[in-house]
Amino acid sequence: MNSGAGVRAGDPLPSVYNIPLHHAFADALAAGLLGRHGRDPLDLARGIIILPNNRAVRAVADAFVRRAEGGLLLPRLVAVGDLEAGEGAGALLDGIDVDEPIPPAIDPVVRRTILARLVAQATGCEAAEAYRLAADLARTLDQLIIERVDPRRLRDAVADEFSVHWQSSLHRLRIVLDLWPAELARLGRIDLADRRNRVLSSLAAQWRTSAPEGFVVAAGFDNFAPAISDLLRVIARMERGSAILAGLDTHLPNEVWDMLGPHEPNPATGRRRPALETHPQFAAKQLLAELGVERTDVRRWRWSGDRKGRPLTTRAISNAMRPAAATAQWERLPTPHRRLSGIKAAEFSTPAEEALGIAVAIRRALEEPGRTVAVVTPDRALARRIVALLRRWDIAADDSGGRPLSEEPPGVVLLALAEMAVERFAPVPLLAVLKHPLVRQGDERLAWLDMVRAVDLGLRGPRPGPRLAGIATFFQEGDSRTERVRAVAERAWLQIAPLLTDFEVEFSAARDLASALAALRRCAQMLCGDAIWAGEAGRALADFVAAQEAVAAEAPEISDIAAIPAVLRQLLNEVAIRRVSQDRHPRVFIWGLIEARLQQADLTILAGLNEGVWPSLPAPDPWLAPGLRAALGLPGLERRIGTAAQDFALNLGGPSVLLTRARRDATAPTIASRFWLRLDAMTGGLPREHRLQRLAARLDAPSGPLTPAARPQPIPPPSARPRRISVTAVDRLKADPFAFYARAILKLPDLDPVNADPNPAWRGTLVHRVLEEWFLHDDARPDALRPRAERLLDQVAAHPVLRALWEPRLMEAVDWVAARLAEDRAQGRDPIKVEIKGEAEIAGITLQGTADRIDRLSDGSLAIVDYKTGMPPSTAQVAAGYAMQLGLLGYIARSGGFPDVAGDAGTFEYWSFARAPGGGFGQVRSPTDAKAKGGIPPDQFADRAAGVLTEAAAKWLTGNAPFTAKLHPEYAPYGEYDQLMRLEEWYGRDEG
């Protein structure tokens, strides 16, 4: 330290400089400091540069490196603006005697956890809400501390004018603030913001009397927090100190400058006019006031670096950003002062098109040797899209804003495990875990995926019972639709389930976040091995888990483990993973607003310029009402808009600027940003970059004319055509031969979705099972059918709403079946077989089918019964040669194809569970009803059905007819193969 005085004597004017926004701040700063101190490398190395945040430190360091022609000893770069910037400012106190030691700061994770516990105790809310409110409370506390507002003033706040809601919030806040100091005292810690205030105050006090030996520069600040303002005031008055501002508007007329406020109270009313906190220069004006400097006393930094913008555009930007009350002066401005040269705009239809257009613009810019390009946007989703689209040209770029840990693979695994456990191993979250790329990486991966695919096939359809035991029971019992894959799925599940058994027990017993995380950590390690902790995201997750487990004693109790995924997601969202790829392109940058403040590129693309994105909507403070914030002297919520406006203005000063926006987002049309609208209004319309839009539109457009697909008509060889057909597949063969071809020849069965709602096929399977077991185990006693149905329904994990709607209808229908069958038995009709399989030879093929029920009538003939949960086929369908399955089953019976069943079928009936014409559920219909128009006589039905099959088989099974798609669409309600046949391309199109 220099033993001499720290503050200049005889020179009351502080040393404050401004780098205009058309100069790249970091490059201009580095150029000036090298020009001032670069002749003596040691003098440069003894200097100290105070910067707002760590990202500014990186930007300035990079600027020095770009200008270094050889070895270079950098000045000491210290970040003091970020609360989490570390002990950069505190390190400057090393070796300095302070009046009293500054206690260490509380760890942010410990602080958040204790605040969540206090909030939960004060409000009685669940853990997820407590953690959310604790984050907002932490920000409120930080603002109070940074602005040097004693939290105890809240006790004296006049809250009568506030609503009941805000009074309640204030009451809870007082409770927490009464308890929080005691927690800090117990731990021997202070708030991080409090420690920063004390460090900066001690540093300012020390430098006020004894300055460092080298120069001291405070650069890039737009924050007028008291502790920072005090330090800047001291630095600006040092003999070798200076404060350097970014983008101070020296062109703004004095009368407009005075509009910004703050204003003196009105003598008559005592009220103040509100300050214009949304203006980009409001923060700069307040900072100058804190420094005790007039705008006219600020000197221009005479170094500009290598990259210069356009001075005239700087004046035009100043005019464009004037307060609303001063925009009427636009018409009187000279044309050069309204011309935004070098700035163009491009509007796109959607965010996807916007990202593609920006990627094209970057690709064009890189064609020029040495040209740099930067994308600046607060929309991280848009930034990620741009990064992905650039890969098509092997251009690697990094989004400096990073991605939340919850979206990185390790974080996704942890969240998926929690959701799987909370949903009691439901199929969707279970398969999401088992299929994740981090699970069983390496040589085991292929064998693992084979097992997981088998389990996936076995779990298709309505979900099984809860927990691991429910899945095991489902695979053991299952139903007829999963029978063909059940055995394979069960074998695979027996190898997978043991890996999850301990986790199920441990997680279900968890009552706080730490114990839940311990169970998640062990399960993740078992499934993924060390891959879960590898890389930047893996290490961040390991640190996160360790930190949360370390504060287990301070965490709020979690009464319901269902809240754990929400708590985890919220906490993981706050951990940003910022990668720096080794192969990233050296001339492409994607910056957030903070990174872009001090840097420029040859082409700057300001993207996502929609209202609500840039500027973002101010988030409400759930703890302090706006009026209470104003009474305490805290910054208004709208000050963030002013910060966003300043970021926008700074980025407009680059050599070449492109503004982009999308006219709609994923849900609705968008409104252009107020900044975009200002530039358009002042200039009469920014020049549009239409060529860029055309290039983006043509990029993925086909090179030649589109030729829609023709209706598919595959003609497989005779050897590939099946020689077996079921009675239910004949309609598909006739009406939609291609669907039959896909299922029977290509062997492409349609798969139910995982965790699907019970569909008609599922409901039909359940009805058949109920009636089958009733016949086999209860001898079809009328009093046993309803209890049998209730027992089977209890075993099904159907959706509660569907169960509530369908179960009463089913019960009424089974009561009808029991009563109807009792009547038939009284008349000598007796069921002899249920769910019986049979087959017969016909027309060179084997016909096979399953009869739901076969009855023996009093005259010795047979009755074939088919159950329908919906409406049975109409007589018109039968007359047209469709819905012949009952007749084909009669043909099998007549041919002796059903074991132990002899005789001809003379009765064919559909027992439908649909609503009967007279009310209630249940009715009997017959396709051989002689009274119906087009009805077929019963003694001719089997022969007619056999004739229909013979004709169809001669064409498609033993013949060589093409399997034409949707041959008779009116009788082809099947949609499983519509995508395969590319239906939308040819259906309904005139092919003539």
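Q: Is Ala 355 buried or exposed in this predicted model?
A: Ala 355 has a relative accessibility of 0%. The limit for a buried residue is under 20%. Because 0% falls within that limit, Ala 355 counts as buried.

Q: Which residues does Ala 355 touch, not counting residues up to four places away in sequence?
A: Ala 355 lies in helix H13, which covers residues 351-365. Leaving out residues up to four places away in sequence, the residues touched by Ala 355 are Leu 382, Arg 385, Ile 386 and Leu 389.

Q: What distance separates the C-alpha atoms of Ala 355 and Leu 862?
A: Along the chain, Ala 355 and Leu 862 are 507 residues apart.

Q: Which strands stand at the edges of the open sheet of five strands?
A: The strands have the order E7-E13-E12-E8-E11, and the pairing is parallel. An edge strand has a single partner strand, so one of its sides is left without a neighbour in the sheet. The strands at the edges are E7 (343-348) and E11 (588-591).

Q: Which residue in E11 is the bridge partner of Ala 374?
A: Strand E8 (residues 373-376) runs parallel to E11, and four bridges join them. In E11, the partner of Ala 374 is Phe 589.

Q: What angle does the direction of helix H14 make with that of E11?
A: Helix H14 (residues 380-390) packs on the sheet and touches E8 and E11. The direction of H14 makes an angle with that of E11 of about 160 degrees.

Q: Is Arg 661 buried or exposed?
A: The place of Arg 661 is in strand E13 (residues 656-662). Its relative accessible area is 4%, and the limit for a buried residue is under 20%. Therefore Arg 661 is buried.

Q: With which side chain does the side chain of Arg 661 make a polar contact, at 3.0 Å?
A: Leaving aside neighbours within four places in sequence, Arg 661 is in contact with residues including Ala 346, Glu 347, Thr 670 and Trp 676. The polar contact at 3.0 Å is made with the side chain of Thr 670.

Q: How many disulfides are there?
A: A disulfide is a covalent bond between the sulfur atoms of two cysteines. Here the cut-off for the sulfur atoms is within 2.5 Å. The sulfur of Cys 528 is 8.3 Å from the closest cysteine sulfur, in Cys 523, which is too far for a bond. For the model, the count of disulfides is zero.

Q: Are Cys 523 and Cys 528 buried or exposed?
A: The relative accessible area of Cys 523 is 3%, and that of Cys 528 is 7%. The limit is under 20%, so Cys 523 is buried and Cys 528 is also buried.

Q: Is Leu 457 buried, partly exposed or exposed?
A: Leu 457 lies in helix H17 (residues 445-458). Its relative accessibility is 36%. Buried means under 20% and exposed means over 50%, so at 36% Leu 457 counts as partly exposed.

Notes:
Residues numbered from 1 in each chain as written. Predicted model: local features only at pLDDT ≥ 70, side-chain atom pairs only at ≥ 80, totals over all residues. Heavy atoms only, no water. Helix = DSSP H or I, 4+ residues; strand = E, 2+ residues; numbered from the N terminus. Buried < 20%, exposed > 50% of the residue type's maximum accessible area, 1.4 Å probe, protein only. Pairing = 2+ DSSP bridges. Contact = heavy atoms within 4.5 Å. Axes fitted to C-alpha atoms, helices over the stretch in contact; angles between N-to-C directions. Polar contact = N/O pair within 3.5 Å; in protein donor to acceptor, adjacent residues only side chain to side chain.
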